[in-house]
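I opened my notebook to work through a new model.

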Amino acid sequence: MRVPLSWLKDYVDITIPISELAERLTLAGLEVETIQYIGQPEAELPWDPKRVVVGEIRAVHFHPNADRLVLAEVDYGGAERETVVAGPPSLLDLRGQEDVHLKVAFAMEGTSLYDGYAEGWQIKTLKQATIRGVSSRCMVCSEKELGLADRHGDIIYLPEDAPVGAPLVEYLGDAVLEFDIKGPFGHVLSVFGVAREVAALLNVPLRRDALQVLDRHPSDLTPAPDFLTLEIADPDLCPRYSAALIQGIEVGSSPFWMQMRLRRAGMRPINNIVDVTNYVMLELGQPLHAFDYYILRAKPGEDRPAIIVRRAQPGEQMETLDGTLRTFDGEMLLITDGGGPVAVAGVMGGLESEVTEDTTDVLLESANFDFISVRRTSRLLGLASDASQRFGRRVDPELTVKAAARAAHLMAGLAGGSVVPVVGDVYPGQQPQRVIPFDPAYATRILGVQVPTEEMARILTSLEFQVQPATDPETDLPIFQVTVPSHRQDVERPVDLVEEVGRIWGYDRFPTTLMRDELPPQRTNHRLEGAERVRDLLVGCGLNEIITYSLVNLEDEGKLRLGGPASDPDDYLHVLNPLSAERDVLRQTLLPSALHTVRDNLRFVDRVFLFEIGAVYLPVRGQTLPDELRRLCIVMTGPREARSWMAGQDRALVDFYDLKGVVEALLAGLKLDGAFEPGTHPALHPGRCARVSVAGRGVGVMGELHPLVRDGFDLPAQSVCVLEFDLDGLLFDWGVSYRMAPLSVHPPVYEDLAVVVEEDVPAVRVHDLIAQTGGALVRSVVLFDVYRGAQVGGGKKSLAYRLTYQADDRTLTDREVAKLRGKIVRRLEREVGATLRS
Amino acid sequence: MLDQLNRLEGEALAALETVKESDALAEWDRSYLGKKGALTLLLRAVGDLPKEERPAFGRAANEAKVRLEAAYEARAEALRREEMVRELEQGTLDVTLPGRPAGPGHLHITTQTLRRIYAIFAEMGFQVYESPEVETDEMNFGLLNMPPHHPARDMWDTFWVSDEALLRTHTSPGQMRAMREYCPEPIRVILPGKCYRYEQITARSEHQFYQVEGLAVGRNITMADLITTLTEFARRYYGAERRVRIRGSYFPFTEPSIEVDVDCILCEGQGCRVCKYSGWLEIAGAGMVHPVVLQNGGYDPDVWSGFAFGPGVERPAMLKHSIDDIRLFYGNDLRFLRQF
């Protein structure tokens, strides 16, 4: 919303600098986004008060050498008139006239102006020039040259009362405040509404003349005026409908000052009737609509036009002012006459009943509509207007007749004609005044600052609340009874009044206080801590964390189901209004997005080691909300070590065991014991896939990507190691405390043990047998070699372990170690058919 | 024999002078002091002397041995030093060569930002409370004082998954869940998480983003407390020298409502493109929990009061690191992520 300062000053005196005013308004909740200065010193093009002035063309002469130019003799308040060369078509017909009185914007040599003929905004300095043989050092300006309009048109003609010689900046300069108003606050969506706030903030009086036209021109308010049949068939959507009649007008242009204000407020002038409706809407916040009275039809059997406010019949149609044929549903509210729809209530008028050049009598609608209904209609029709935006944020129903009177008399003043002193007014939705008991102590309790009671009363009064001292019936303490003015549709309860006090008092004046409330019980958050621990461990393993979109598409998820049944769309949660088909379901696995991330990154880097922790969303039958389970996903691909100049670097591609090393580090860091078993997964290499479990609970799969899945995600032909774990399953036991293992001071004994077993004996089986048999005295069992070949025979493998023997309480003797070793070897022979390799 | 001893000592000492490296020193040691060394052999010959000469010779020989051993030690020490000096001279590295690649990966910048926010609020007693991303209409809007068709719903463009369920547009529904879980205890929590808005993805807006809602409920919680808490946060996060501005605003679930600005960290409040020439950057919406919302959470507004606030997560990080495109956050380009 744009509010010209010059307009604001009609209602309230402003004595502080505009920037300070903007700041005060912003702090009070009326956010001023920008201030646009026009002609003033802060403007991009300030108008030099000495060199840009009001001038008056007194004579227009032929240019001796040019048909399309004139010589204009201008009085600018100096000792002598100045003759300038000018070229506006509007002056050509006046050539030869000696007794001209045209007020113009006059610029003198040396001042800066925008170049009227250049693209965009280029500032140039006005210099003496000889144009077709005639010297000229001043000029009469167009709007573009002064920065008032972006097109170079005719020169500006100022009103007759413009004082010759006065600095133009005083006459035409301004500042326009551009507001971003949040919330359903129809009461500030007008110049007067802002003025009311300014008056409260600056503690200055408010001039209310514009609202008091009815007092000066008393009218008869009646539901049955003799010029109109007025009916509200659906009062739930139309609390009030008022209509005034202005007769004998002549449609023409509105005056300069009104056009200037409308344009500065962001509206295009059209004609004096439409401009007045817009002007009063901007001024008071009441949307208005002007019908051509003689186009409105009567009901059958009646001789005067009718206005019937009713819901549309489903499928009913009308062409709106913007020339579009609209079709309505049965919940949309229409303004109809005796023959059919003439306007979409609160949104836009119809083309047929629009005011035209031929209109002589205007029926002026000033109504109030249900804000939810207007919002709905506007949204469904895809039609937002200045009216619908105001009605959609609640308009004061008391305003209809005041605004109608204001507009009717402005019309009569500007377009001739007379206002019928009868206003049609049907008001089925009249509400009782709201009275709210307001305890100043409550305000203090919420705000935490002691605003003096009398200051609270002053603030509320200045915002037009009526404040009466009263007594709380329960506590017998003094409170206020606050009557809410009708324009404050948003104020319903005491806390709303607290806000008024707080924001006008000023949040910048609040003291610094620490919460003095008791500290709530503090709880350990295993869920969060566990996830953060996982992140830290994985980052420690050299992985980078990613966060991808939760919204994915089914096709991607399907690529993981190699050969299996396609994803069933019914198993997924769909977004009903997706931004694109690319992202229309909530994911059930993190893998596809991670694989896309890998592919994208491989264009720029050769090693991509990454992980993500995030939710998947599994719909549950009979449940409104899905289960949200946290998953961990890891993808690793590329050379094991980053390229460097060192000898002996490991540039082999990472494989299953690199990923397993990360998992082992993760489990160790979480103090969890994991188990790995051969597994299968449709997306994974059948021989390189493991199911992982912790404490007997499956937590997920890991492995190398199946080559066909790899192709499906456009990944290069190299091993891509992936993992997806159920994070909550993984962390199920996390956070359980554990005891430290004692540190022995006795020397360890190291011994190597190599055994030959059948190929199908899993290494972990051998390891576990050694560890179990060795018991407490075998401190570690490290596999350091795996050999297959002629020396051990086909179908067999040799596994070589380094064992560390150690006791806490003594130095082990060679005999003890030999005995234990013998026991281990016998067990291995017995259980897995191992033979000792010598 | 004594002469022989003196000669031998002189010869040995002279030979020692010429020893330049440890191998030669060992050779010297063997040839004079070793088992078959000259001095050892000479000492063994003591039996050939007359009995009365033996003590004097033995003493002299032992003294000579001690001297030679001392000389040997001295020489050995000198050689060690020389060798060390040689080693130091030859061991010079080109310190400008790159180091052996090592080191951890990187936490996502969002995680890092969240952790900073957690840490700052933890010191003020706020604990993390997580709540679902897919929410009911009632939790996301209705119980937050936005019944169906409430105009304030327009403030959030929403992804719907059914008539009743949606992707949460803010972390505020977590307020309701926390209140309903903890009532009648006082509350001090922050609610981090992913939120979603039906917005076209551009450099300035994403359809998925993070927020950290804060909620305090107690018997004496005030607007002044809220302002102090957020000022504290702003200074801790953006720097102690930052100025903070509190202005009135509107949210349906808070009353009174405010917005918190810090002076623009890019232009120091002078006005630039990022702050739209206002000199201020909005960092959070906030306010006192609306009585209707308190009531919906189970708290009697006549006894309890509360405040809530909702800073973003990406925006502070963008400002801090001059990131000009929010799409970088969830584009996951490692060249971006590794910078943090």
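**Ground rules.** I am reading a predicted model, where local features need pLDDT of at least 70, side-chain atom pairs count only at pLDDT 80 or more, and totals for chains, interfaces and linings use all residues. Residues are numbered from 1 along each chain as its sequence is written, chains are lettered from A and ligands numbered from 1 in the order in which they are written, and side-chain values use heavy atoms, with hydrogens and water left out.

**Interface.** I looked up contacts first (heavy atoms within 4.5 Å). I found 96 residues of chain B in contact with 85 residues of chain A. Next came buried area, the accessible area (1.4 Å probe) that two parts lose on being put together, summed over both. For chain B and chain A it is about 7,800 Å², with 56% on carbon and sulfur atoms.

I then checked salt bridges (a side-chain nitrogen of Lys or Arg within 4 Å of a carboxyl oxygen of Asp or Glu). The rule finds eight across this interface. I noted the salt bridge of Glu130(B) with Arg527(A), at 3.2 Å from N to O.

**Strand 21 of chain A.** Strands here are DSSP runs (E, at least two residues), numbered from the N terminus. Strand 21 covers residues 333-336. Is it covered on one face or both? Both: Leu333(A) and Ile335(A) are buried on one side, Leu334(A) and Thr336(A) on the other. Buried means under 20% relative accessible area (1.4 Å probe, protein chains only).

I looked for its partners; two strands pair if DSSP finds at least two bridges between them. Strand 18 of chain A (residues 306-311) pairs with strand 21 in the antiparallel sense over four bridges. Arg310(A) stands opposite Leu334(A). Strand 22 of chain A (residues 341-344) also runs antiparallel to strand 21, joined by three bridges. There, Thr336(A) has Pro341(A) as its bridge partner. The hairpin of strands 21 and 22 has four residues between the strands, and Gly340(A) takes a positive phi near 155°.

**Strand 9 of chain B.** I read residues 305-311 here, and seven of the seven are buried. Ser305(B), Phe307(B), Phe309(B) and Pro311(B) are on one side; Gly306(B), Ala308(B) and Gly310(B) are on the other. Strand 5 of chain B (residues 208-218) joins strand 9 antiparallel, through five bridges. Gly218(B) stands opposite Ser305(B). Strand 8 of chain B (residues 280-289) pairs with strand 9 antiparallel, over five bridges. Gly287(B) has Ala308(B) as its bridge partner.

Methods
Buried < 20%, exposed > 50% of the residue type's maximum accessible area, 1.4 Å probe, protein only.
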